[in-house]
Amino acid sequence: MGVLSRCTSFALLVALALTSCASESHRTLTTQVVATYGTNYSGERAPLAIGKFHNSSPYMRGLFSEGPDRLGSQAKSILQTHLSLTNRFELLDRDNLDELARESGLSGRAQQVEGATLVITGEVTEFGHKTTGDRWLFGLLGRGKTQTAYAKISLNVLDVTSSKVIHAVQGAAEFDLSNREVIGTGGTSGYDSTLNGKVLNLAIIDAVNKLVADLDAGSWSTSA
């Protein structure tokens with residue numbers, strides 16, 4: 001067998017080996033939900049609309065961060081989902097009124113938009129992340145890194161008639177991700193941007209759980 005033939009055969013073997021190593025996997029993930037999700041509730045469900053949700057933390061609010069409040073918009077979407085899952089409110093959507101009106105016109109059905117008796121507003125008051133690490137024997141035996149994201153939010157429930165704040169809660173959460181490399185095995189990755197959404201979700205769940213727990217305990221009433 002000539003040199004060229006041997007090289008061609010070797011290349012084919014390498015290509016075959018690489019192809020045979022290809023794999024595919026998929027799975028669903030367990031999502032964090034509010035404590036009252038799926039529970040029975042026979043009390044009054046007041047019509048509730050979500051008002052403004054601002055990011056008042058320094059995160060993404062620097063000199064070069066002009067434009068839409070992406071963190072506030074993300075927090076508002078998460079809040080809407082978890083409030084709906086509490087089974088305690090008639091949640092009213094105010095962000096899609098134009099689309100709803102168009103679809104109502106197309107279907108030939110007159111719109112009957114219900115007014116809210118309560119409005120809930122929110123703020124991301126603290127948000128950020130940090131990275132800490134350590135080295136074993138100056139890094140010769142290994143090193144580790146922990147990425148920590150932190151979020152704190154505030155929610156205020158307002159009576160639409162009087163504009164009074166009838167109840168307020170705060171929620172906070174931390175989310176950690178650790179990597180360790182030991183004598184050349186494993187690895188330490190760069191910052192995982194998905195931690196931002198995860199910690200924001202947990203902080204909002206914490207606040208909504210407190211809001212509902214206070215409601216069930218009689219600390220405030222939807223008929224205020």
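Modeller: Let us start with a residue in a strand. The model is predicted. Asp176 has a relative accessibility of 45%, so Asp176 counts as partly exposed.

Biologist: Where is the place of Asp176, and which residues does Asp176 touch beyond four places in sequence?

Modeller: Asp176 sits in strand β5, which covers residues 165-182. Leaving out residues up to four places away in sequence, its contacts are Thr146, Gln147 and Thr148.

Biologist: How far apart in space are Asp176 and Lys130?

Modeller: In sequence, 46 residues separate Asp176 and Lys130. In space, from C-alpha to C-alpha, the separation is 9.8 Å.

Biologist: What pattern does the chain follow along the sequence?

Modeller: The chain has 4 helices and 6 strands. Read along the sequence, they give α-β-α-β-α-β-β-β-β-α.

Biologist: Among contacts between residues at least 6 apart in sequence, what share joins residues at least 24 apart?

Modeller: Take the contacts in the chain between residues at least 6 apart in sequence. Those that join residues at least 24 apart make up 73%.

Biologist: What share of the residues in the chain is buried?

Modeller: A residue is buried when its relative accessible area is under 20%. The chain has 224 residues, and the buried share is 28%.

Biologist: Ser57 next. Is Ser57 buried or exposed?

Modeller: Ser57 lies in the loop between β1 (46-55) and α2. Its contacts, not counting residues up to four places away in sequence, are Leu71, Val124, Thr125, Glu126 and Phe127. Its relative accessibility is 1%, so Ser57 counts as buried.

Biologist: Which residues of α2 are buried?

Modeller: An α-helix has 3.6 residues a turn, so residues three or four places apart point the same way. In α2 the buried ones are Leu71, Gly72, Ala75, Lys76, Ile78, Leu79, His82 and Leu83.

Biologist: Which residues of α4 meet α2?

Modeller: From α2 come Leu71, Gln74, Ala75, Ile78, Leu79, His82 and Leu83. On the α4 side they meet Gly197, Leu200, Asn201, Ile204, Ile205, Val208 and Leu211.

Biologist: What is the relative accessible area of Thr86?

Modeller: Thr86 is in the loop between α2 and β2 (89-92). Beyond four places in sequence, Thr86 touches Val34, Thr36, Val208 and Val212. Thr86 is buried, and its relative accessible area is 0%.

Biologist: What is the phi of Asn87, which follows α2?

Modeller: Asn87 comes after α2, and its phi is positive. The value is near 65°.

Biologist: Last, how far does α4 reach from its first C-alpha to its last?

Modeller: α4 has 24 residues, and 34 Å is expected at 1.5 Å a residue. Gly218 follows α4, with a positive phi near 90°. From first C-alpha to last, α4 reaches 35 Å.

How values were computed. Residues numbered from 1 in each chain as written. Predicted model: local features only at pLDDT ≥ 70, side-chain atom pairs only at ≥ 80, totals over all residues. Heavy atoms only, no water. Buried < 20%, exposed > 50% of the residue type's maximum accessible area, 1.4 Å probe, protein only. Helix = DSSP H or I, 4+ residues; strand = E, 2+ residues; numbered from the N terminus. Contact = heavy atoms within 4.5 Å. Expected span 1.5 Å × (residues − 1).
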